[in-house]
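User: Good morning. I am new to this model and would appreciate a guided conversation about it.

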Amino acid sequence: MRSRHVWQALSGPGYLRSSWPWRSAAYLAGGALAGAVVLVALVVLTAVVGALAVALVGLPLLLLLGLCGLPVARLERRRLGLVDAYPARDPHHEPAERGLWPWIRTRYREQATWRELGYTVLLAVVLWPLDALAVGLALSVPLALVATPVLMATVGDGREASVLKAWTITSWPLAFGVAVLGVILLGVALYLLGLLAGARAELTRLLIAPKDPDGDLGSRVAELTSSRVRLVDAFEAERRRIERDLHDGAQQRLVALTMTLGLARLDAPPGPLADQLTKAHEEAGKALAELRELIHGIHPKVLADYGLPAAVADAADRSATPVDVDLDLEGRLPEAVEAAAYFVVCEALANVAKHSGATRAQVTGGHRGGRLRLEIRDNGRGGATTHGGGTGLTGLADRVSVLDGRLSLSSPTGGPTLLCVEIPCEWTERPTRTERSG
């Protein structure tokens, strides 16, 4: 498995053969260079602000001094990619308004801005000398030992070589022994550089680029939830558009066609032509009835105009099984919730009429505790299930779950059957109470 950060590489057997040691050295060397530059910039900026603090021109410079950690932190988050492939999240938020002053106000109110300023001071005062010292010692000493034979052959004319200006090598076997020791020390130093770079990266993440996987996950879940709500709303809007187009377009044309065929049948003399017109008139009437049923199934007009209680009462009137309705609501709920609840009731009543053998059904419910709760009961033979094909309840459970709702079914063999639906929602209009019996 390919390593994603230096800690994983250090625990593997191929660390010294990979690019991670040199990436670690580059990360620490870059930190030393960046810290030195930041130190010079802070000294110059502080001197300018101190010299002009009594003048009005000093105010913008003070603001600039407070925000100077932002570019440094951005650079450090990018440099993290050398030793850690995990994305470095920008902790700042977008201002609510556009413009320079809203951006400055937002940045000054964020804790991340002050953490980045503190990190900038820490980098300029403490971290960059440590980075430079670590890279210098880890590489210079082993490489100086490795270069002993070369120094002896070039500088010492084959007779002697000075190692780190501390001792003198006067024989070739000793020179090559020192070189071997340098290779060993170089391997150890590269491991140490990896450890230091990993620790340095963890400190940087802690201060200016926290991983916070739970926060990222929460943001993604919130975005997915919002996008799901938007998709449900768009789906319901499209259903209403289709219903409106069919009602105002195709249905009106079929009504006109049925009337025309009826008038033509009355004017036609008895015979084969009249019989064909009669048959065509009947077929047009059937097509009109089927279209009306289709329109009603897509999104009934009574639901859009009068809300869930009226739509449930209408569905109960059309049910082949007598249905009692007792709903503790007449206010309006969100459109997606009303549509889902209505189609659950319609499907449940259709199942009662087709499969249960019940002589009576009941629909009760209300809105309590921020949730819509509906219960559909029947005195049939039971045995219904949400699993398997043929009942349509599986699709209803999926539709309710899209709204963070829950559908539960109790239907023991011999009955009775109880279907419960709970959907979290809030009122859009003030509720009242309605009752009816079928």
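**A guided conversation**

Analyst: Let us start with aspartate 404, which is partly exposed because its relative accessible area is 45%. On this scale, buried means under 20% relative accessible area, exposed means over 50%, and partly exposed lies in between, with a 1.4 Å probe and protein chains only.

User: What should I know about the source of all this?

Analyst: This is a predicted model, in which local features need pLDDT of at least 70 and side-chain atom pairs count only at pLDDT 80 or more, while totals for chains, interfaces and linings use all residues. Residues are numbered from 1 along each chain as its sequence is written, and side-chain values use heavy atoms, with hydrogens and water left out.

User: Back to aspartate 404, then. Where is it found?

Analyst: Aspartate 404 sits in the loop between helix H14 (393-402) and S6. Its phi is positive, at about 65°, although the residue is not a glycine. Helices (H or I, at least four residues) and strands (E, at least two) are DSSP runs, numbered from the N terminus.

User: How many helices and strands does the protein have?

Analyst: There are 14 helices and eight strands in the protein. Of its 438 residues, 39% are buried. Among contacts with a separation of 6 or more, 70% join residues 24 or more positions apart; contact means heavy atoms within 4.5 Å.

User: Let me turn to the strands. Which strands pair with S7?

Analyst: Strand S5 (residues 371-378) pairs with S7 in the antiparallel sense over eight bridges. Strand S6 (residues 406-410) also pairs with S7 in the antiparallel sense, over five bridges. Two strands pair if DSSP finds at least two bridges between them.

User: Which residues in S7 are the bridge partners of leucine 374 and leucine 409?

Analyst: Leucine 374 has valine 421 as its bridge partner in S7, and leucine 409 has leucine 419.

User: And what about the hairpin of S6 and S7?

Analyst: Six residues lie between the strands of that hairpin, and glycine 414 there takes a positive phi near 100°.

User: Why is S7 largely enclosed?

Analyst: Strand S7 (residues 417-424) has six buried residues out of eight, so the rest of the structure largely encloses it.

User: New topic: helices. At what angle do H6 and H8 pack?

Analyst: Helix H6 (residues 111-146) and H8 pack at about 170°, and their axes are 8 Å apart. Axes are lines fitted to C-alpha atoms, for helices over the stretch in contact, and angles run from 0 to 180 degrees between N-to-C directions. H6 and H8 are therefore roughly antiparallel to each other. Angles under 35 degrees count as roughly parallel, over 145 as roughly antiparallel, 65 to 115 as roughly perpendicular and the rest as oblique.

User: How do the residues of that contact of H6 with H8 divide?

Analyst: The contact of H6 with H8 has 25 nonpolar, two polar and four charged residues. Here Ala, Val, Leu, Ile, Met, Phe, Trp, Tyr, Cys and Pro count as nonpolar, Asp, Glu, Lys and Arg as charged, and the others, Gly among them, as polar.

User: Is alanine 134 buried or exposed?

Analyst: Alanine 134 is buried, with a relative accessible area of 17%. This residue lies in helix H6. Leaving aside neighbours within four places in sequence, alanine 134 is in contact with Leu193 and Leu196. Alanine 134 and leucine 192 are 58 residues apart in sequence and 8.9 Å apart in space, C-alpha to C-alpha.

User: How do H4 and H8 cross?

Analyst: The axes of helix H4 (residues 69-79) and helix H8 (residues 172-208) come within 11 Å and cross at roughly 135°. H4 and H8 are therefore oblique to each other. Ala73, Glu76, Arg77 and Arg79 of H4 make the contact with Arg200, Thr204 and Ile208 of H8. By class, the residues of this contact are two nonpolar, one polar and four charged.

User: What about H12 and H13?

Analyst: The axes of helix H12 (residues 308-318) and helix H13 (residues 335-356) come within 10 Å and cross at roughly 15°. H12 and H13 are therefore roughly parallel to each other. Leu308, Ala311, Val312, Ala315, Ala316 and Arg318 in H12 meet Glu338, Ala341, Tyr342, Val345, Cys346 and Leu349 in H13. Their contact divides into 10 nonpolar, no polar and two charged residues.
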